[in-house]
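I opened this notebook to record what I looked up in one structure. My entries follow the backbone, the ligand and the pockets.

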Amino acid sequence: MLKIWGRSSSVNVQKVLWTARELALPHTAEQVGGKFGGLDTPEYGAMNPNRKVPVIDDGGLILWESNAIVRYLAARYSEGALWPTDVAVRAQADRWMDWTATEWQPAMVPAFLGLIRTPEDQRDTAAIEASTAKANQLGQILEDALQQKEYIVGSHLTMADIVLGCVAHRWLSLPIERPKTPAMNTWYRRLMTRPATQGVLVLPLS
Ligand SMILES: N[C@@H](CCC(=O)N[C@@H](CS)C(=O)NCC(=O)O)C(=O)O
């Protein structure tokens, strides 16, 4: 059975939990990392030398890096659905997944850590403001791309919506000033009606 390690408050773990639930894959999920600890054992280091979450074990295949895990699960268990078979469509899904991991997600990290995980009197306001401005600028790119679209690529949910959706959940839930993003809000609400997101994309952020 698929095993997933990682605290469910992690956006990167949420991507994997949602994918497993979306595909109705029988799985176990172990809370490790953050306040749960467990990343400094020799056994965990052997699975992921980065000592980060998430990690999966699927029938002996140990894998880390959240987007790689989502791609693997989609390719193995959801060809033609979460995993677009058309190479050009898949390239666009990959493009949005890589953009999320390398641009949008890192841009909002200082704002997230400052506003959600740091006591008010210890916050670096300048860092939070710079992070918010960058995350908002990038959020506008996704807003523009979602105009007149139900999903980010193609006509149905793909792996790219899952990865983007987890990060959009975080951005849309941060206590910051944001530009108006009606297309993103409609898309996000559509994603949040899916049973697989219930209990995974939760509030408040923590
Ligand atoms: N690029 C990696 C990043 C993994 C990562 O940074 N994970 C964080 C949580 S989001 C982590 O393990 N932090 C240490 C901890 O939770 O104790 C991925 O996408 O899987």
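I located P204 in the segment after α7 (182-192); helices (H or I, at least four residues) and strands (E, at least two) are DSSP runs, numbered from the N terminus. I then read the peptide bond from L203 to P204, which is cis, with omega near 0 degrees. The model is predicted, so I noted that local features need pLDDT of at least 70, that side-chain atom pairs count only at pLDDT 80 or more, and that totals for chains, interfaces and linings use all residues. Residues are numbered from 1 along each chain as its sequence is written, and side-chain values use heavy atoms, with hydrogens and water left out.

I looked up P54 as well, and found this residue in the loop between α2 (42-47) and β3 (55-58). The bond from V53 to P54 is cis, with omega near 5 degrees. In the loop between α1 and β2 (27-30) I found A24, which is not a glycine but has a positive phi of about 55 degrees. I recorded these entries because most residues other than glycine have a negative phi, and most peptide bonds are trans.

Next I turned to the ligand. Which residues are around the ligand? I listed R7, S10, N12, G33, G34, L39, K52, V53, P54, E65 and S66, where near means that a heavy atom of the residue lies within 4 Å. By class, this shell has 3 nonpolar, 5 polar and 3 charged residues. Here Ala, Val, Leu, Ile, Met, Phe, Trp, Tyr, Cys and Pro count as nonpolar, Asp, Glu, Lys and Arg as charged, and the others, Gly among them, as polar.

I then checked polar contacts (pairs of N or O atoms within 3.5 Å; within protein, one must be able to donate a hydrogen and the other to accept it, and residues adjacent in sequence count only if both atoms are side-chain atoms). A polar side-chain atom of S66 is 2.6 Å from a ligand oxygen. Polar backbone atoms also lie by ligand oxygens, at 2.7 Å for G34 and at 2.8 Å for V53. On its own the ligand has 500 Å² of accessible area, of which the protein covers 71% (Shrake-Rupley method, 1.4 Å probe; for residues, only the protein chains shown count as cover).

Where does the ligand sit? I found it in the largest pocket, since more than half of its atoms must lie within 2 Å of the grid points for this to hold. A pocket is an open set of points on a 1 Å grid over the protein atoms alone, where a 1.4 Å probe fits, with protein on both sides within 12 Å along at least five of seven lines; lining residues have an atom within 4 Å of a point.

The largest pocket has a volume of about 700 Å³, the space filled by probe spheres set on points joined across faces, edges and corners. Its lining has 31 residues, with S10, N12, K52, V53 and Q105 nearest the centre. α4 gives the most to this lining, with 10 residues.
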